[in-house]
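Please read it with the structure open.

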Amino acid sequence: MGELRIVVAGAAGRMGRMIVRAIHEAAGMTLAGALERENSPWVDHDPGPLAGCPASGLTIVTDPLPLMLNADAIIDFSSPAATVELAALAAQARIADVIGTTGLADEDLDRIDAAARHAPIVRSGNMSLGVNLLAALTRRAAAALGDEYDIEIVEMHHRMKVDAPSGTALMLGEAAAAGRGIALKSHAARGRDGVSGARRKGDIGFASLRGGTVVGDHEVVFAGEGERLSLAHHAEDRMLFAYGALKAARWAHGRKPGLYAMADVLGLKDG
Ligand SMILES: NC(=O)C1=CN([C@@H]2O[C@H](COP(=O)(O)OP(=O)(O)OC[C@H]3O[C@@H](n4cnc5c(N)ncnc54)[C@H](OP(=O)(O)O)[C@@H]3O)[C@@H](O)[C@H]2O)C=CC1
Ligand SMILES: O=C(O)C1=N[C@H](C(=O)O)C[C@H](O)C1
């Protein structure tokens, strides 16, 4: 079997550079293309040195389809607008699509669902084993504790992060809601400010902190009468997410079309 040829979207971004480096270091994988948006100052640059690697012989371009037609997978940590377009192109090219982008709106998710009818797509707000295990534990704790315990999800990220709550926080919220057998949409308490009233029983609260260079901290708090249980994860290095994304690309390549989660890749689905 030949090398897995991977296109990286957002190749000059914080995560894109990590992924280019992880591909360079991985056995059995090769960088097949690097994408940035139109007018990006990184167009025509070699993505290798940007990622701290030797010259790759490639340059960053803006036209995805020609690259995708000659690749096995795309790994996409870019922006919601780019991600929905790239998912449609992955469907057209029939290649695996690994989506790490967060901040996706419901309409974006619908478009990704549609693309997943024609291509295997792995989408996750967090590619780490630790967070996906945390989600499974959160679901279990929420089911065991019931709504006498108030659930609050607290996250902290670096000062450059543009979306809130984080994709991971929302994923943990979904896990908590599933554990309780409720829909997150009708129970999420986001952005409390001013006289916001007493806490509504059964709500799942979110709080977002931003500052410095924090890679990603998440805590799920179950606050009951006289006791408080906390489950937490601290990401210390972005390479963690890059390794997870590569694992997802390997797993998804050649799989039947569908929308998959990192829990599928990691075998945590029924855990
Ligand atoms: N699932 C997970 O495990 C993780 C997910 N993330 C998510 O990944 C995303 C990216 O994060 P991060 O790398 O920190 O962000 P960055 O802003 O550093 O990187 C995103 C890159 O994508 C580029 N981009 C924007 N639009 C396009 C386009 N149309 N085509 C190609 N490239 C484009 C950006 O360019 P420009 O700056 O010019 O707009 C930028 O270079 C975020 O949504 C973040 O939350 C991050 C870490 C882990
Ligand atoms: O933007 C980031 O940096 C991160 N984004 C993801 C999220 O929104 O949860 C994952 C990780 O926490 C880092």
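Which side chain does the side chain of His157 join in a polar contact? The partner is Glu155, and the contact is 2.7 Å. Bear in mind throughout that this is a predicted model.

1. UniProt, in an unreviewed entry, places the feature "active site" at His157 and Lys161. Take His157 to begin with. His157 lies in strand S7. His157 counts as buried because its relative accessible area is 7%, and the cut-off for buried is under 20%. Leaving out residues up to four places away in sequence, His157 touches Ser166, Leu209, Arg210, Gly211, Val214, Val215, Gly216 and His218.

2. Lys161 sits in the loop between S7 and H7. Is Lys161 buried or exposed? Lys161 is buried, at a relative accessible area of 18%. Its side chain makes a polar contact of 3.4 Å with the side chain of Thr102. Not counting residues up to four places away in sequence, Lys161 touches Thr102, Ser166 and Arg210.

3. **His158.** Look next at His158, in the loop between strand S7 (150-157) and helix H7 (167-180). His158 is buried, with a relative accessible area of 10%. Beyond residues up to four places away in sequence, His158 has contacts that include Arg14, Arg210, Gly211, Thr213 and Arg238.

4. **The cis peptide.** Check the bond between Ala164 and Pro165. The peptide there is cis, with omega about -10°. Pro165 is in the loop between S7 and H7.

5. **Ligand 1, surroundings.** How many residues surround ligand 1? There are 21, and the closest are Arg14, Met15, Glu36, Arg37 and Thr102. Arg14 is also among the residues that His158 touches. Thr102 is also the polar partner of the Lys161 side chain. By class, the shell around ligand 1 has 6 nonpolar, 10 polar and 5 charged residues.

6. **Ligand 1, polar atoms.** A polar side-chain atom of Arg37 lies 2.5 Å from an oxygen atom of ligand 1. An N or O atom in the side chain of Glu36 is 2.8 Å from an oxygen atom of the ligand. A polar backbone atom of Gly100 is 3.1 Å from a nitrogen atom of ligand 1. On its own, ligand 1 has 920 Å² of accessible area, and the protein covers 77% of that.

7. Arg37 is in the loop between strand S2 (29-35) and helix H2 (47-50).

8. **Positive phi angles.** Asn39 has a positive phi, near 70°. Asn39 lies in the loop between S2 and H2, and is exposed at a relative accessible area of 72%. Arg94 has a positive phi too, near 55°. Arg94 lies in the loop between helix H4 (80-93) and strand S5 (96-99). Arg94 counts as exposed, at 55% relative accessibility.

How values were computed: Residues numbered from 1 in each chain as written. Chains lettered and ligands numbered in written order. Predicted model: local features only at pLDDT ≥ 70, side-chain atom pairs only at ≥ 80, totals over all residues. Heavy atoms only, no water. Helix = DSSP H or I, 4+ residues; strand = E, 2+ residues; numbered from the N terminus. Buried < 20%, exposed > 50% of the residue type's maximum accessible area, 1.4 Å probe, protein only. Contact = heavy atoms within 4.5 Å. UniProt positions renumbered as here; feature names shortened; annotations may be inferred. Polar contact = N/O pair within 3.5 Å; in protein donor to acceptor, adjacent residues only side chain to side chain. Near = heavy atom within 4 Å. Areas by Shrake-Rupley, 256 points an atom, 1.4 Å probe, with all protein chains shown as cover. Nonpolar A, V, L, I, M, F, W, Y, C, P; charged D, E, K, R; others polar.
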